[in-house]
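Hi,

Here is the structure I promised to pass on. My notes follow below it.

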Amino acid sequence: MMRVDEISELAKKIAATAKRLPSASGMKGDHNILVLAGQLRGLAIRLKKLAGAKKMSPLPAALADLRGMCMRCHTEYRF
């Protein structure tokens, strides 16, 4: 099982990646990726805050929300 500090650090990295995603090669000017990346970043920031505050009960739902967004984007963009 991951520790909350590990979850927080990974969520921080996901948020940073989501911020860069719309400017990635082949993604520039794609409004949909801009929206999805914004949603992903918001979910990652939420997860980081929950983990940082050691709020354990909402973590599984926050992780599931983040995973769902990852799956949605990867399904739509096939990467």
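Keep in mind that this is a predicted model.

I started with serine 8. Serine 8 sits in helix 1, which covers residues 4–20. Its relative accessibility is 13%, so serine 8 counts as buried, the limit being under 20%. Leaving out residues up to four places away in sequence, serine 8 touches Lys48, Ala51 and Gly52.

Helix 2 spans residues 31–52. Helix 1 packs against helix 2 at an angle of about 160°, and the axes are 8 Å apart. Helix 1 is therefore roughly antiparallel to helix 2, since angles over 145 degrees count that way. The crossing of the two helices is left-handed.

The contact is made up as follows:

- From helix 1: Val4, Ile7, Ser8, Ala11, Lys12, Ile14, Ala15, Ala18 and Lys19.
- From helix 2: Ala37, Leu40, Arg41, Ala44, Ile45, Leu47, Lys48, Ala51 and Gly52.

The residues of this contact divide into 12 nonpolar, 2 polar and 4 charged.

Next, the cysteines. The disulfide count is 0. Cysteine 70 is in no disulfide, and the nearest cysteine sulfur is that of cysteine 73, 8.1 Å away.

Cysteine 70 has a relative accessibility of 27% and so counts as partly exposed.

Best wishes

Terms used:
Residues numbered from 1 in each chain as written. Predicted model: local features only at pLDDT ≥ 70, side-chain atom pairs only at ≥ 80, totals over all residues. Heavy atoms only, no water. Helix = DSSP H or I, 4+ residues; strand = E, 2+ residues; numbered from the N terminus. Buried < 20%, exposed > 50% of the residue type's maximum accessible area, 1.4 Å probe, protein only. Contact = heavy atoms within 4.5 Å. Disulfide = S-S within 2.5 Å. Axes fitted to C-alpha atoms, helices over the stretch in contact; angles between N-to-C directions. Parallel < 35°, antiparallel > 145°, perpendicular 65-115°, else oblique. Left-handed = near helix turned anticlockwise from the far one by under 90°. Nonpolar A, V, L, I, M, F, W, Y, C, P; charged D, E, K, R; others polar.
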